[in-house]
Every structure is written in C-alpha cells, then in structure tokens.
Amino acid sequence: MNDYLKITICCILILCSNVLKAQETLTLSLDSSIVYAIEHNKILISSKLTIDKSSQKIKETISQGLPQINASVDYNNFLGAEAEFKISEMAPPAVIEFNPTSNAKLSVSQLVFSGSYYVGIQLSKLAKTITEQSYQKDELNVKEQTIQAYYMILVSEKLLKIRLENKNNIQLIYEKTNNLANTGIIELTEPKKLLIIITSIDNAIKATERQVEMGYNLLRLQLGLSSEQEIKLTTDLEMLEQKFVTQSLMDDTFNIENNMDYKLISMQGDIAQKNIKLKRAAYLPTLAAYYSYTEKLIKPKFDLSPNQVVGLSLNIPIFSSGFRKYQVNQAKTDYYISLNNKELLTDQLTLQEKQLRYNYKNLYEQFQNQKANVEIAKEVFDKMNLKYEQGIVSSLELTSANNEYLNAESAYAGILLQLLNAELSLRKINSNF
C-alpha cells in the first residue's frame, strides 16, 4: 500500500511539473524569435533532414564504384538424371550420373572506369548544394514570416490600445452628457447617440482582440510551439521604427547574385550542363575487374570447372539506333531552357526590386504625412476638449474630434505596418536578414 501511495504521489508531481512548465511564458525579442524559429520551425527541420539525405546519396553514388563483395550458396538436385556417350561404335556407352551438387561462391568486383560513374558523383554533389540552397531559401521564408507575425501582433496590440482609449474617452463624455441630459440642460437624445458609438467601438475592440490572437497563433506556428504556449514580446513598435524606417534604404543597390531564387536557378543550370556530360558518357566504354572463388561442398562425379576465376569485363557501346544521341540532344535542350529561364528570372527580379523600392518610397512619404496628421489631430482634440469643459462645444463635436484623432492614430499604425513589411520585402529580395 505504501509503494502504491509513493507511485501515485510521483505521478501527481510529474503532472504538476508538466502543467507548470506548459504555463511558463516564453519571452521573445524580435531577434530572439528569429533565432528560435530557425531552431524549432518544422519546415526547417525537414529541410535539414533533406540535406542529410543528400549527403547519404553522395556516399551511395561513390560506393557503387568501390569494391563489391557477394557470397552465395546453392544446391542442385537432378533427380537421378543420367547422360551417356560413346567413345567409339565398338565400345559400350559410358553412363554418367548427375549426382546432387552444392557450391559456396565468393565474388569480388571493382569498377575500373565508367564515365557515367564519375559524372554521377558530380551531379550528386551539385544536388546536395541545391538542397543546401533550398534550405537557405526556406530559412529566409521562415524569417520573413516570423517577422511579419511579430509586426502584426505589435500593430494589432497598438490598435487595440487605441480603441480601448477611444472607448474610455467616449465613456467619460457619455457620463458627462448623460448627467447634463438628466438635469434637462441638453436633449435626452444626445447620450443615446453616444451609446450607439460606444457599441460600435465595442465591436471594433472584439475584432481587434481576435486579430491579436490570430497574430500570436501565426507566430506560434513559425516557432514550432503549441497553441497553448504563452508568448510575451519585448520589442515595441517605436524600436522597430527607429531601426528599420529610414530613407537611406533607397540608396542601397540591388545585387541580384545575392537573391536566393537566382542562386537556385543558376545551380539548376549547372546541373543541366553536367547532365549533358552524363549523357555523353554513355558513349564511353565501361571496364570492370572481377574475382570469384567457388568452394564445392558437394562435388559432381565429373567436374572440370576451376575453383578460382579472375578477369576483366569491357563493355563497348557501338550502335544504339540514335538512342544515346537523342538523350544528349534532350539534355542540351534542357540546358538552353535553364539559360532562358535564368534570363527571364533576372528580368523579373530586376522589375520586382524596382517595384518594391517604389512602394517603399510611396509608403515612406505617406508615413511622414500621417505622422504629421496625428500631431495635428491630437492638438485639435486637446483644444476641443478644453472648449467642451468650458461649455463652448457640444459632446458630439468633442466626440468627432476624438474619433478623428484616434482614426489618425489607427491610420498611422496601419501605414507603419505596411512600411515595415515593404522594408522587409526589400531586405528579402536582397537576402539581407
């Protein structure tokens, strides 16, 4: 009974420790979230395994040209069959009985020369390089999506804060207006109009809360976390604005060779070129050496076969009705297609980079204008609030000024998000994270 109690207590402690561990909040800055995503993102884990698989493929290809050793054991029973032959017409026929036989055979072979083998090794190494480049592209995408989710959360939380402040302001105005209406100073319809505004703000707050939660779920997905894991972000929008929002980005030049898509298509062109050599290697002879040893476990009565054999095997391709020629021609066509695709991608990336730069410049100008609009709207609201306290303006006029200010703040946050994402796109096309 005591042992059972101990086991029960241990299980409870383990469960409690797991619950406490699950409840720990993961605190992340923007930079640490990127590092965490690189280590735990499930897509990147699969990409790393693909690189390991390509390394094993190279070893597999190399091993095909190394010594191959095989062993076999056989048993033959001819079911009492006999053969007879005559040495001359006068002599009686000689009868040979096929008794059961059994052999143990050991064979060793070594590839001496094969053009396809050596080109195949080069292709396997190029394939590994492509998987490494693909991993870098996947890493770039994960970084981008992690940063975008981080941006989305910060902007959504800022919008939520703005709308909560908006509700508090309108609530205060409503209470003052309701008191005035109850004393008969103003019409009873005035506070009712404010209640409608408060209801619409509540709906906007709920929608923003859902948007915040969606942002956290997107970030959890990139970080490889469970949906229950709590996350706390330590980088704020002001820090991001100071770090990434700058006009100097327009002075950077575009180096297409840094782009991951360009690197990948260049590697595909190299593979297409190697593939031409592989098809041409089919015209070359293949030379292999072999050695075999046979131990006769059950010998036949009439045995003339030797125990050991060593030799060379030379395979010379002579005529294939154009089969090899057409394969070479197809490989050349694939190479020309890869060159054309590379030129097309170059044009597309150049145009895309110019468009991204153009978008960033426009958003930067809008951002500067909206920043000034926020300051003006804040100044107007402060003055209107002072006039309301002095009884110069109505509650609806104050509410209108408040809405204009908060709308300006919301627009500012929205343009900041667009500007940060535009800057992120420019960095991505340059593979500059």
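This is a predicted model: local features need pLDDT of at least 70, side-chain atom pairs count only at pLDDT 80 or more; totals for chains, interfaces and linings use all residues.
1. Residues are numbered from 1 along each chain as its sequence is written, and side-chain values use heavy atoms, with hydrogens and water left out.

2. Now the aromatic rings. The structure holds seven aromatic pairs. Rings of Phe, Tyr and Trp (its six-membered ring) pair if their centres lie within 6.5 Å; planes under 30 degrees apart count as stacked, over 60 as edge-to-face, and the rest as tilted. Tyr117 and Tyr118 have ring centres 5.2 Å apart and planes at 70°, so this pair is edge-to-face. Tyr117 is buried at 13% relative accessible area, while Tyr118 is partly exposed at 40%. Ring pairs also tie Phe113 into a cluster with Tyr117 and Tyr118.

3. Back to Phe367, whose partner is Tyr412. Their ring centres lie 5.3 Å apart with planes at 25°, so they count as stacked. The pair links distant parts of the chain: Phe367 belongs to helix H8 (residues 323–389) and Tyr412 to helix H9 (residues 395–429), 45 residues apart. Tyr412 is buried too, with a relative accessible area of 11%.

4. What is the strand order of the open four-stranded sheet? The order is E2-E5-E7-E8, with antiparallel pairing. E2 (68–76) and E8 (308–315) stand at the edges with a single partner strand each, so one side of each has no neighbour in the sheet. The twist averages 20° from one strand to the next. Strand E7 (residues 286–298) pairs with E8 over eight bridges, and Thr286 stands opposite Asn315 in E8. (Two strands pair if DSSP finds at least two bridges between them; helices, H or I with at least four residues, and strands, E with at least two, are DSSP runs numbered from the N terminus.)

5. Finally, the whole chain. The protein chain has nine helices and eight strands. The C-alpha trace spans about 150 × 80 × 35 Å along its principal axes. Of the 433 residues, 33% count as buried.

How values were computed: Axes are lines fitted to C-alpha atoms, for helices over the stretch in contact, and angles run from 0 to 180 degrees between N-to-C directions. Buried means under 20% relative accessible area, exposed over 50%, partly exposed in between (1.4 Å probe, protein chains only).
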